[in-house]
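This briefing walks through selected features of one protein model, grouped by topic. Please keep the sequence and the structure in view while reading.

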Amino acid sequence: MVASSPKDALAALWECAGLGDRPIPAVRFAGADPVLPSSFAIGTAAAATIGAVGAAAASLHQQRGGPSQSLAVDLHHAATEFRSERHQLVDGGPAPELWDDLAGAYPTGDKRWVRLHTNFAHHRQGVLDILGCAPTRDAVAAALTTWKAEQFEAEADRRGLVVAMQRTATEWVQHPQAQALQTLPVITLERIGDAPAQPLAPAGAQPLSGLRVLELTRIIAGPVGGRALAGHGADVLYVTSPNLPAMAPLVIDGGRGKRSAFVDLEAVGDVERLRALAAEADVFIQGYRPGGLTQRGFGPEALAERKPGIICVSLNAYGHVGPWAGKRGFDSLVQTATGINADEAAAEAGKAPDPSVKPRPLPCQALDHASGYLIAFGAIAAKLRQSQEGGSWHVRVSLAQTGQWLRTLGRVEDGIGFAEPTAEMLEPLFESQSSGFGTLTSVSHAARMCETPVRWALPSVPLGTHAPEW
């Protein structure tokens, strides 16, 4: 059964972020797990993380002189928002396909399973180069029968690709990376430099009005974090390179409320342009491979030196310590590597977890979405602390630590057999607006603020629509 309520989970997050000395605004939760077919407490995780962002935003707004306010979060609505990229419609039809045809789980020659993430062309081609086979699922499946799962995972890692061997939870906790993460909380806030406390500007129309956020992320978690901050009024400038691959449905879903600009860090002039943007940012969010931006002079310490008082937020797959600190990964792979997929398959079969059984994914990219809201929560929490304690701050979030936290919420008895929500149940949760892609119908925000309703003032637009300037 579920061991933690959304209220308790939110309170623990509040303490984890160092906000225990200030009261949590009133948050009313409705509903209970299960809300999706899973043995994990997806509804609790969704409601707690979404509620934490709303509560932190309300607290900051009040500190700026705005009215106190309460909020309400429905678990069914929150879990639906954890599937926002799946539910969106463009001009009444489905958004572009998300998954590449080779992506997914395959058995290996030692009767285990590996999961491939081939949505980027270079990752897809890299897997085909290892296997030396035709670009079809049948050919990939046949080639993988000549490999042991762990050997294939290691070879993919060596080449900078994204592959995960399925492990049981027991196998994962014995792994050196899991042991390195054992004592880490779900989110860390670290003071990384001296700076005077920066009093907050008077309250605007929304809690984060006037807050400048420079976002350099991709896929789901980072963009969800920036989207949440934009929904509470932050000025979010999303920056990416014109030379990097992107996934169209995620660009559409994650771009709500933001301006979007191109910056090419291979060009000297653009490096200076990004430095200038960072010098005027309050929050700098990055989700690229570990060390990638640090090597180019945009690591947290360098940013804090140039802009004392800045809040830096870093996202990675497997945590910032341990042998896998530099390992690339995505939600689906972290689920597989850390035993979540094996536990879901075991719950479905009513048997003990078995690495030879086909992995069963969570019913949503829960690690991505929860991490995204933790990014936003951490950024606001750091801003609250900076305004009183001073300093420059570094917030760290990882998919693996989020998965570790999800386990602490407990398991849901018979949750795996819960029926999928019907179209009639989902219909009231959608809203539509014009966008740079056509009329976009998407999931509305699950945190209902009584004084400052979440809204995305800017529509989602194609990458590079705006100039790289504030």
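T49 counts as buried because its relative accessibility is 1%, where buried means under 20% relative accessible area, exposed over 50% and partly exposed in between (1.4 Å probe, protein chains only). The model is predicted, so that local features need pLDDT of at least 70 and side-chain atom pairs count only at pLDDT 80 or more, while totals for chains, interfaces and linings use all residues. Residues are numbered from 1 along each chain as its sequence is written, and side-chain values use heavy atoms, with hydrogens and water left out.

**Surroundings of T49**

- T49 has its place in helix 2 (residues 42–63); helices (H or I, at least four residues) and strands (E, at least two) are DSSP runs, numbered from the N terminus.
- The side chain of T49 reaches the backbone oxygen of A46 at 3.3 Å, a polar contact being a pair of N or O atoms within 3.5 Å, where within protein one must be able to donate a hydrogen and the other to accept it, and residues adjacent in sequence count only if both atoms are side-chain atoms.
- When neighbours within four places in sequence are left aside, T49 is in contact (heavy atoms within 4.5 Å) with L13, F82, A370, Y373, L374 and W405.

**Helix 15**

- Helix 15 (residues 340–349) is mostly covered, with seven of its 10 residues buried, namely I340, N341, A342, D343, E344, A345 and A346.
- These buried residues of helix 15 pack against strand 6, helix 8 (169–173), helix 14, helix 16 (366–389) and helix 17 (399–408).
- G350 follows helix 15 and has a positive phi, near 70°.

**Strands and their pairing**

- An open sheet of four strands runs in the order 4-3-16-15 with antiparallel pairing, two strands being counted as paired if DSSP finds at least two bridges between them.
- The edges of this sheet are strand 4 (93–94) and strand 15 (430–435), each of which pairs on one side only.
- Strand 15 pairs with strand 16 (residues 438–443) in the antiparallel sense over six bridges, and S432 stands opposite T441 in strand 16.
- Strand 8 (residues 187–193) is mostly covered, five of its seven residues being buried.
- Strand 8 and strand 14 (residues 392–398) pair in the antiparallel sense over six bridges, with L189 opposite V395 in strand 14.

- The largest pocket holds about 870 Å³ of space; on a 1 Å grid over the protein atoms alone, a pocket is an open set of points with protein on both sides within 12 Å along at least five of seven lines, a cavity is a set of points where a 1.4 Å probe fits but cannot get out, and lining residues have an atom within 4 Å of a point.
- Of the 36 residues that line the largest pocket, R218, L244, G287, Y288 and R289 are the closest to its centre, and the elements that give two or more residues to this lining are helix 5 (121–131), strand 10 (235–240) and strand 13 (311–316).
- By class, the lining of the largest pocket has 17 nonpolar, 11 polar and eight charged residues, where Ala, Val, Leu, Ile, Met, Phe, Trp, Tyr, Cys and Pro count as nonpolar, Asp, Glu, Lys and Arg as charged, and the others, Gly among them, as polar.
- The second largest pocket has a volume of about 440 Å³, a volume being the space filled by probe spheres set on the grid points, which are joined across faces, edges and corners.
- Of the 22 residues that line the second largest pocket, R86, E97, L98, W99 and Q365 are the closest to its centre.
- Helix 4 (84–87), strand 6 (113–116) and helix 14 (331–337) each give two or more residues to the lining of the second largest pocket, and helix 4 gives the most, with three residues.

**Cavities**

- Five cavities of 30 Å³ or more are counted, and about 210 Å³ of space lies in the largest cavity.
- The largest cavity is lined by 20 residues, of which P223, Y238, L250, V251 and L463 lie nearest its centre; helix 11 gives the most to this lining, with three residues.
- The second largest cavity holds about 70 Å³ of space, and its 13 lining residues include W99, H117, I219, I220 and Q365, which lie nearest its centre.
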